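Keep the structure open as you read.

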Amino acid sequence: MKSKNKTGSKDSTELVVTKSKLKLLKKQKALIFMSVPFVLYIILFRYVPLWGWTMAFQNYKPSKSFFDQTWVGFKYFKELFYNPAHPEVSREFLLSLRNTICMSLISTVLGYITAIILAVFMNEVKSIAVKRFVQTVSYLPHFLSWIIVTGLVANVLSVEDGIINNILLKMGLVNSPVQFLSTPKYFWHITGWTYVWKEVGWNTIVYLGAMTAIDPCLYEAAQIDGCGRLRKIWHITLPGIKATIIIMMIMSAGHILDSNFEMPYLLRNGMTDEVATTIDIFVLKYGFKLFDFSTATAAGIFKNAVNIILLVIANTIAKKSGEERLI
């Protein structure tokens, strides 16, 4: 009898929970209807295209139907790293992999450091007018498209009338104009600092938001104890946004192979191809210029798989260290 009563009470509890959920859904039906277009958008443009990933496992020929394609397993993934028949493919992919990692790391490190420094600076400034001016100036480049930004960079670093070369010549630091955009050793630094200039203001928003959650009493107590501004920053501000910094680092780990496409593509030339070609440019070349869809798809899948693995690893390390994590 007791077991029957227990079973009956469990069923009645589940029924009550189900009814309450249905009532909640009824109340929120307007929100559900509003979310339908967004769900359809995600399914249509994010999940349906995943069907195309099958090309990486086939000797894909556009003239044949899906059922007539020849399945080759992981052949094209292996050829990205070692292709004795066409060694230029694996060589170009490995170069693009190196360039992508290096440019991403430079942009990520510079972006983190500058965003945190700027956020701390704006948090310490007491003048509202100065704060607004710095925010406006630093946020504005974020709203420019990369095409406009690369055009500005090309003009600023131009050999003939670029402002940087004019300044260097007038100051006597160089004897002739520097070929910034045609010298491979400058390319990664140009892309890195351009990313900082464009995104640093926008990236500070997250850190400034985290700083508003810090208890002002901590600063007052530190003031009474005789702490200066640097000590307050080191012992209160930075520890206060530590969780945000770690979360942002974990999220960035999932984008290591997602280096900016537009800027390297638009700024590169014959002199800088070896340091400017990224995985996205490699995919574009082999997919749309050489019509080697299988190789291009394999490279795209490899990039996404590595990003997911790095995201999971970074999240696991944060979890085992007792820090904030995404999951």
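## Starting with one residue

Thr297 is found in helix α15. Helices here are DSSP runs (H or I, at least four residues; strands are E, at least two), numbered from the N terminus. This is a predicted model: local features need pLDDT of at least 70, and side-chain atom pairs count only at pLDDT 80 or more, while totals for chains, interfaces and linings use all residues. Residues are numbered from 1 along each chain as its sequence is written, and side-chain values use heavy atoms, with hydrogens and water left out.

Is Thr297 buried or exposed? Thr297 counts as buried, because its relative accessibility is 12%. The cut-offs are simple: buried means under 20% relative accessible area, exposed over 50%, and partly exposed in between (1.4 Å probe, protein chains only).

Thr297 and Ala56 are 241 residues apart in sequence. In space they are 5.2 Å apart, C-alpha to C-alpha. Leaving aside neighbours within four places in sequence, Thr297 is in contact with Gly52, Trp53, Met55 and Ala56. Contact means heavy atoms within 4.5 Å.

Val196 can be read the same way. Val196 lies in helix α8. Val196 is buried, with a relative accessible area of 7%. Leaving aside its neighbours within four places in sequence, Val196 touches Leu110, Gly111 and Thr114, in the sense of contact. Ile106 is 90 residues from Val196 in sequence, and 9.9 Å away in space, C-alpha to C-alpha.

## Where helices cross

Axes are lines fitted to C-alpha atoms, for helices over the stretch in contact, and angles run from 0 to 180 degrees between N-to-C directions.

| Helix pair | Axes come within | Crossing angle |
|---|---|---|
| α6 and α8 | 11 Å | roughly 125° |
| α4 (residues 87-124) and α11 (residues 242-253) | 12 Å | roughly 160° |
| α4 and α8 | 6 Å | roughly 40° |

Angles under 35 degrees count as roughly parallel, over 145 as roughly antiparallel, 65 to 115 as roughly perpendicular and the rest as oblique. With its angle of roughly 40°, α4 is therefore oblique to α8. At roughly 125°, α6 is also oblique to α8. By contrast, α4 and α11 are roughly antiparallel to each other.

A crossing is left-handed if the near helix is turned anticlockwise from the far one by less than a right angle, and right-handed if clockwise. The crossing of α4 and α8 is right-handed. α4 passes α11 in a right-handed crossing, and α6 passes α8 in a right-handed crossing too.

Which residues make the contact between α6 and α8? From α6 come Trp146, Val149, Leu152 and Val153. From α8 come Ile190, Thr194, Tyr195, Trp197, Lys198 and Glu199.

Between α4 and α11, the contact is made by Thr108, Tyr112 and Ile116 of α4. On the α11 side are Ile245, Met248, Met249 and Ser252.

## Rings that pair

The structure holds 17 aromatic pairs. Rings of Phe, Tyr and Trp (its six-membered ring) pair if their centres lie within 6.5 Å; planes under 30 degrees apart count as stacked, over 60 as edge-to-face and the rest as tilted.

Phe81 lies in helix α3 (residues 75-81) and Phe302 in helix α15 (residues 293-320), so the pair ties together parts that are 221 residues apart in sequence. Phe81 counts as partly exposed, at 38% relative accessibility. Phe81, Phe93, Phe282, Tyr286 and Phe302 form one aromatic cluster.

## A residue in a loop

Phe291 lies in the loop between α14 (279-289) and α15. Most residues other than glycine have a negative phi. Phi of Phe291, however, is near 55°, a positive value in a residue other than glycine. Phe291 counts as exposed, at 56% relative accessibility.
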